[in-house]
Amino acid sequence: MRALDMAWRLLRREWRHGELLVLLLSLSVAIASQSGVGFLVDRVSRAIDLQASEVLAADMRIESAGALSAESEFEAQRLGLRTAHLTTLLSAVFRNDANQLANIRAVSDGYPLRGTLTVSTTPFTPGSKSVGIPAPGEAWADSRLAAALGASVGDTLMIGARDLRLTQILISRPDQGSGFVDFAATVLINEADLASTQLVQPTSRLTRALLLSGERAQLQAFRSWHASQPPNRERVRDVSDDSPQIGSAARRAGRFLAIAGLVAVLLCAVAVAMSARTYVQRHLDTVALMKTLGATRALLATISVIQLLALALLATLLGCTAGWLTQEWLVHVLQNVLQTNLPPPGFGTLFASVAVAVTMLMGFALPSLLQLMRTPALRVLRRDVQPPPIGLLLAALPAVLALGLVVITTLDDWQLSQWFFLSLCGALLALAVVGTGLVRMASLLRKGGARQWRYGIASLARRRMESVAQIVAFGLAFMLLLVLASLRRDLVEDWRRLLPSDPPNYFFVNIPTSDKDEFYDRLVALGARVERMLPMVRGRLVRINDEAVDAVRSADVGVREGREAAPAATGMRATGWGRGGSGRGLAEREQNLTWSFELGDDNRIVEGRWWTAADAGKPLVSLATEFQQRLGLKLGDRLTFAVGGETVVATVASFREVKWDSFRPNFFIVFPPGLLDGAAGTYMTSAAFTPRTGSDLAQLVQRFPSISVFNVGDLLAQVRAILDKAVSAVQSVFLFTLLAGVTVLLAAVQSSRDERRHETAVMRVLGAARRTMVQNVLVEFGALGLLAGVLSASGAAFSSYYLARILDVQYRFNMVAWVGGVMLSTVVVALAGWLAMRTVLDQPPRTALG
Amino acid sequence: MSRDIVLRTEKLTREVSSPEGPLTIVRDVNLEVESRASVAIVGPSGAGKSTLLALLAGLDLPTSGKVWLAGSDLTLLDEDGRARLRAERVGFVFQSFQLIQSLTAIENVMLPLELAGRKDATERSQSMLERVGLGSRVGHYPRQLSGGEQQRVAMARALVAEPAVLFADEPTGNLDSITGGRIVDLLFELNTHSATTLVLVTHDTALASRCERVLRMSNGTLLDGGG
C-alpha cells in the first residue's frame, strides 16, 4: 500500500515536471502504430474473409452424405450463428420431351449467407442481384440448363415427381465457382419442395449442408465444439478447403498482414527498450539517493513496476485512440481504393493491443528496471559507479519470452512463428556481434581525416556500448522495414503476375479428341486467347505400393463418403480436397488424369524431377503437393490406377507445387505422354474470352453439344477483389510500420541525448562553433546509420529470401534496393540525430554545466 | 560497546582491484565516535575520506573489518537491512546536494519521511524548511534555487527524520566562502539543536576546526588514531 502510495505520488511529481513526457510520448506513438496496424489488419482481413466466404455462400459449411445431426444445428444456434440449409443431388430435369441431367440444389431461407444470387429472364445475360430464393413451387434454372432444355421463364420443369414453374434464369450463385465439381447444369429450388419431388430416397446419393455465418470467435467456437464430437459423417469446410485459388490468395495476404503487424509490434518493442534505457539512465541518481535515504530494493522495484504499468496503461489508452483514429482516417482515404465498406474494428484488437503493449513493456523494459534496482547507494558519493550488469539470462529471458509470446499469438502459425522467432534472435545476435566489430574498426579510423570526422568517429568509438545498442536498434528497425518492403513488392508483383489484365475466364471440358482442333479454331475466331489444351482421362487410384486404397480408407474414421455424385475432378482441382483426413477422399473416387511434356510456369517441381522427351511412355507420375500431403506419399512410391478397365502402375517421379490461382488448366496427377495415350479421353482448356452476346456461347454449345462450358469470371472477380483489397491493405499497413520505424529512431537518438548535453556544453565553452558541432553530430550519426544500413540491408536480403519461400512468393534480389537501403539508413539516421540533438546544440553551455 | 558510542569500526579495510593489482583505499581504521559528538575527517584528495564515509554509513561494504552503527553490525546486514537502518538512524548532506530535480523543495524534504511511512511528512517538512529559512520557497524546484539554498534543502532533508548520525561529505565544497560559512553555521546550529552526531568529511580546515574532533587521514590510514 505504501509502495502504491509512493509510486503514485512520485509518478505525479515526475509527470508534473515533464520527466515522463518523452517516455510516454514514444510509447504512445509506438502503440499507436502497433494498434493502428492491428485495427487495420483486423478490418481488412475480416473484409477479405467475408469476400472469400462468398465462394462457400457461408463462412463455414457442415456437410454430410446422410442426415445432418440436430446437435450441430442446435449448437450453431446456441452460439448465435446464422444458419441455412442446402441439399444437393443429381437428377434429370424434364421439359416436355427434353431432359438434362442437373444438379438439384434445394435451399432454405437465408441462402446464400454470404454473397448474392444473380438472376435474369434470359440465359447468358449479365442479370441483376436477387433478394431471396425461389418461392415454393418455383425453380430457377441456370443458363446452361435452360439452353439445353430450350426452356424460358414461365415454362414448367419436372423435377422428380414435382412440376415447378421456371420463374428466373440463375446467372450466378456465389458458391458456383468453388469446386468446378458441378459438371452438370444447376437448378435452384425451395427446400420446402424437396420432399414432394420424391427424389430423396434411402439409396439417393445426396449431400446435405448446414451453412453457417457469424463472427470469427463464434465460428472458431463451433469448430472446436465440432472437433470434440464423436466421429461422424459430418465434415466442416471453410474457404481454405473449398477454393484453393482464393484460399491461397487470402492466406498469403493474411500472412503478410500478420507479419506487417508483427513488425510494427517489434519496432514498438525496440522503441520501448530504448525508451526504458533512457528512463533508467535518468533515474540512476534518484534510485541511489532513495536507497541512501532508506528505500529497500523491493520498495523501489514495486514503485518502478507500478509506475511503468501506469505509464503503459496511459500510453496504451492514448496510443490505441491515436491508432484507431489514424486507421479510421486511412480507411476513409482508401475508401475508393478498397471499394467496399470495411467491417468495423473489433474490440478484440483493442484487448490484443493492450496485451501486446503490456507484454512488450514488461519484456523489454523489465531487464532495464531490474538493473536500475541494482544501482549501488554509493553512487551518491561517486557518480562513476554504475549498477552491475545483470546476467545475460535475466537480461534476455523476459524479452525472449515476450517476443515468443507475441510472435506466436500474432502469426498463429507454428512453422512461420518458429522461423520468425529464430531469425529474429539470429538477426539480433548478428547485429550485436558484427556491430561491435564495426565499431571497433571505426575507432581505428579516428586517427586521420578532417576534424569533424575525427570528433564524430571518436564519439562513436568512445560510447562503444551505446553505439552498438544504437546500431542494433537502427539495424533491426531498418531490417524489418526492408524485409517488409521487399516482401510487399514481391507479393504485389507476384499477384499482378498471377492475374494478368486478361486472365482466362472460361473453362471448357469434355472436348472430344476429334473436335479439338476445330474447337480451338472456333474459339480463336471468336477472339479468345486460348490456354494450353490438355488431354484428360478418368481413372481411380486403387493401390499405393502393395496396399489397396480401400485398406487405407478403412483406417480413416470419419471420412466423408462421397460428397457429390458429380464427376471427380477438373483441370483446376479435384473434389474432396480439404482438411482432416479428407485426402483419403482423393483416393475414393475417380480422378482426372492428364499427360504432358510441358511444365507450366504455374507449376514448380519441389521434389524429384520433371520428365524429358526420353521419358515418353515410361511408367512415371507427377503429383501435386496437396495430393502428396493428403496421402502421405513419397518419391518412388508405386501407384496403381484403374483407367478404363486397364491397370496402370506408375512410380512417383516428382511433386509439384501448383499455383491454382493462375486460372489455367492444372491437374493433381500428370503422366508423361505415351503412357495413357491409348485411353479414350477428352481435352480441356481455358480461355480469356469476352462473348459479344450470349449467342456466341449458345452457338458454341450448339455446335459442340458435348463440351461443357464454365464461366469462372465471377470467381475471378472475387479473387481480383480480394487481391486488390490485399494490395491496398499491404500498402497502407506498410505506412504504419514506417511510422513505427520513425518512433524507434527517435527513441534511440533520445537515449543518448542526456549524455551529450554536458559534452556539447564543454565543447562550446572551449570555443567549438555550432556549425562544427552540427558536423560532428552528422558524421557520428551518419556513420551509425551507414553501419546499421549495411547490416540491415544484408540481413534483409537474406531474410526476404527465406520468408518469400514460406509465403510462396518469388524472391528477386534487388541491388538498387540494397544500395538504396544503405543510403536511406545513413541519411535518415544522420537527420534524426541532427533533429534530436538540435535543442542540445542550441542550449547555452551555462545551463548544462550549471 | 559503550552506551555512548554511536559509531565504531574495527580494522576497517577496503580494497579495490586496479590494473596494477589490488589497491587499498582504507586500511585498518579503528574508530569510535560518541553520541552527539562532531567529528571531522580531513586529508588531501585521494586520502580515502569519502570511501571511509561510505563505509561508515553502510553505502559500501568493507573488504575486511567491522562497522557498528547505532549498535548494528553493518557487515552482518544485507543491502535492504542497511537501507532500513539508514532510514531510521542516518541523515546525509552531500557536496553536490543530491536533490531530485523533478521534486520541489518540500517534496525532496518529505522523501525520507515518506519512505519511513510517516503521516506527518508535509507538516514536518514545512516546519523544517522554515527552520532553514526557506519557508517561502517550498514549492520551488532545485533548478530554481541557488547553490546555498539547495544545500539548505539538503540539510533540511537530512535532519527532518531526526537521525542519530548525520554524515556530511564536503558540504561546502560547491559553495563560495560566504555562502559556505552560512551553511556551516546552520549545520552546527541544527546539529546542536537536534542532538545529532555529526561526521563530516572535508578538506576545509576552517570547517574542520569547528568540530570537537579532527581526524587526519592519509593514504587510507587515520594518522592520529580514532579512539
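In what order do the six strands of the open sheet of chain B stand? In this predicted model, the order is β6-β7-β8-β3-β9-β10, and the pairing is mixed. The edges of the sheet are formed by β6 (90–93) and β10 (221–222) of chain B; each has a single partner strand, so one side of each is left without a neighbour in the sheet. Helix α5 (residues 147–159) of chain B packs on this sheet, where it touches β6 and β7 of chain B. The direction of α5 makes about 170 degrees with that of β6(B). Within the sheet, strand β7 (residues 165–169) and strand β8 (residues 197–202) of chain B are paired in the parallel sense over five bridges, with Val165(B) opposite Thr197(B) of β8(B).

Strands of a sheet pair through backbone hydrogen bonds, in either the parallel or the antiparallel sense. In chain A, an antiparallel pairing over five bridges joins β12 to strand β22 (residues 682–688). Tyr506(A) stands opposite Ala687(A) in β22(A). Strand β12 (residues 506–512) of chain A is largely enclosed by the rest of the structure, because five of its seven residues are buried.

Helix packing was also examined in chain A. The axes of helix α22 (residues 770–806) and helix α23 (residues 815–842) of chain A come within 6 Å and cross at roughly 145 degrees. The crossing of α22(A) past α23(A) is right-handed. Classified by residue type, the contact of α22(A) with α23(A) comprises 20 nonpolar, eight polar and two charged residues.

Conventions:
Residues numbered from 1 in each chain as written. Chains lettered and ligands numbered in written order. Predicted model: local features only at pLDDT ≥ 70, side-chain atom pairs only at ≥ 80, totals over all residues. Buried ≥ 20, exposed ≤ 12 C-beta atoms within 10 Å, placed from the backbone. Helix = DSSP H or I, 4+ residues; strand = E, 2+ residues; numbered from the N terminus. Pairing = 2+ DSSP bridges. Contact = placed C-beta atoms within 7 Å. Axes fitted to C-alpha atoms, helices over the stretch in contact; angles between N-to-C directions. Left-handed = near helix turned anticlockwise from the far one by under 90°. Nonpolar A, V, L, I, M, F, W, Y, C, P; charged D, E, K, R; others polar.
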